[in-house]
Amino acid sequence: MQALGSHQVVLSDADEVAELVALSSHRVLRLLFVPGLPPAQLNGAVDRIKKEIGMAGLLSEWSGDRHVAVDIPPNTDASQLFAIMEHEVTEGRAFWEWADAMPFSARR
């Protein structure tokens, strides 16, 4: 067994992940801005979100300029980020989802 990031995995003889033993307990917060937002409005919201992600010391990944996924470790206070994102959703400018991070699997 070996630690891979925050997960514990079993590696095959070829050093590939063969089995996930324990999850990290991290969650993922995703936000997608609706298409066609005025650039100033989109840029302002993106800047506020990026600033809060940085201040909270969180990891994130942007896909283009409208979709972000944020890693939320256990026992992390992300209330300020939630408030910023919730405002965008309430105003009808974005959609969000909150989920457990699941390992990639090709199995069905």
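These legends describe close-up views of one predicted model.

Residues are numbered from 1 along each chain as its sequence is written. In this predicted model, local features need pLDDT of at least 70, side-chain atom pairs count only at pLDDT 80 or more, and totals for chains, interfaces and linings use all residues, while side-chain values use heavy atoms, with hydrogens and water left out.

**View 1. The chain holds two helices and seven strands.** Helices (H or I, at least four residues) and strands (E, at least two) are DSSP runs, numbered from the N terminus. Along the sequence the pattern reads β-β-β-β-α-β-β-α-β. The chain has 108 residues, and 23% of them count as buried. Buried means under 20% relative accessible area, exposed means over 50%, and partly exposed lies in between (1.4 Å probe, protein chains only). Of the contacts (heavy atoms within 4.5 Å) with a separation of 6 or more, 53% link residues 24 or more positions apart.

View 2. Where pLDDT is low, the predicted coordinates should not be read in detail.

**View 3. Strand 6 pairs with strand 4 and with strand 5.** Two strands pair if DSSP finds at least two bridges between them. Strands 4 and 6 run antiparallel and share six bridges. Here L32 stands opposite H67 of strand 6. Strand 5 (residues 59-63) is also antiparallel to strand 6, over five bridges. L59 has D71 in strand 6 as its bridge partner. Strands 5 and 6 form a hairpin with three residues between them. In the turn, G64 has a positive phi of about 70 degrees. Which residues of strand 6 lie on its covered face? They are V68, V70 and I72, while H67, A69 and D71 form the uncovered face.

**View 4. The largest nonpolar core has 18 residues.** A nonpolar core is a set of buried Ala, Val, Leu, Ile, Met, Phe, Trp, Tyr and Cys residues joined through side-chain atoms within 4.5 Å. L31, F33, I49, I53, V70, L81 and M85 touch the most other members. Strand 4 (27-33), helix 1 (39-56), strand 6 (67-72) and helix 2 each give two or more residues to this core. Helix 1 gives the most, with five. I49 touches L31, F33, W62, L81, I84 and M85, not counting residues up to four places away in sequence. In soluble globular proteins, nonpolar side chains tend to be buried together.

**View 5. One aromatic pair turns up in the whole structure.** Rings of Phe, Tyr and Trp (its six-membered ring) pair if their centres lie within 6.5 Å; planes under 30 degrees apart count as stacked, over 60 as edge-to-face and the rest as tilted. The ring centres of F82 and W98 are 5.4 Å apart and their planes stand at 85 degrees, so this pair is edge-to-face. F82 lies in helix 2 (residues 79-90) and W98 in strand 7 (residues 94-100), so the pair ties together parts 16 residues apart in sequence. F82 is partly exposed, at 27% relative accessible area. W98 is partly exposed too, at 37%.

**View 6. Two lysines, K50 and K51.** The charged end of K50 sits over the ring of W62, 5.3 Å from its centre. A charge sits over a ring if NZ of Lys or CZ of Arg is within 6 Å of the ring centre and within 35 degrees of the ring normal. K51 lies in helix 1. With 55% relative accessibility, K51 counts as exposed.
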